Amino acid sequence: VIPVGKAIRVQIVGSNCSPTEGYKTDQELLGCAAWILNEARFSASVDGIEVMNTNKNPNDRDNYYVQPFITNITYGKNNYYDDPEGIVRGAEAGYFLFVKPLQLGSHIIKYQESVINTLDSTGNDKRINGLEYHITVKNESKLGS
């Protein structure tokens, strides 16, 4: 549930790197964050309307790319990377969908992505990740209900 008038940022494909992986300088962190993203293929839709698809429009790779940048990365308990819980200085890059504020009501944002040499000998994806967000936009006075 989000309030009316708020934009949404969705990471479609991303990469982040931190000193816990052995990178010591900002330059090393920035290089690590971008290394795999040129292989990414992705698509996304908002309320059933396709808004990006690198198979149909290769320019989407440039249109939705955010260059590597230095940021704080927060690791929670028992995280995927098995890193210690806490905040570390790291780098991030990726393909992001920025959705303008949606109208009141229910909405669905879907995406699929594949990376890291996931094509089989026929050129088909062996692995595709996807996610579907069910979003309800409400007036701020009704957010608690």
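Which residue forms a salt bridge with K110, and how far apart are the closest N and O atoms? The points below take up this pair and its surroundings.

1. The model is predicted, so that local features need pLDDT of at least 70 and side-chain atom pairs count only at pLDDT 80 or more, while totals for chains, interfaces and linings use all residues. Residues are numbered from 1 along each chain as its sequence is written, and side-chain values use heavy atoms, with hydrogens and water left out.

2. The partner of K110 is E132, and the closest N and O atoms of this salt bridge are 3.6 Å apart; the term stands for a side-chain nitrogen of Lys or Arg within 4 Å of a carboxyl oxygen of Asp or Glu. Because E132 belongs to strand β8 (residues 129-138) and K110 to strand β7 (residues 105-114), the pair ties together parts that are 22 residues apart in sequence. Helices (H or I, at least four residues) and strands (E, at least two) are DSSP runs, numbered from the N terminus.

3. Both members of this pair are partly exposed, E132 with a relative accessible area of 37% and K110 with one of 40%. Here buried means under 20% relative accessible area, exposed over 50%, and partly exposed in between, for a 1.4 Å probe and protein chains only.

4. A search of the whole structure gives three salt bridges.

5. E50 is partly exposed, with a relative accessible area of 41%, whereas K56 counts as exposed, with 65%.

6. Strand β2 (residues 8-17) pairs with β6 in the antiparallel sense over nine bridges, and V13 stands opposite Y95 in β6; two strands count as paired if DSSP finds at least two bridges between them. Strand β5 (residues 65-75) is joined to β6 by nine bridges and runs antiparallel to it, with V88 in β6 as the bridge partner of I73.
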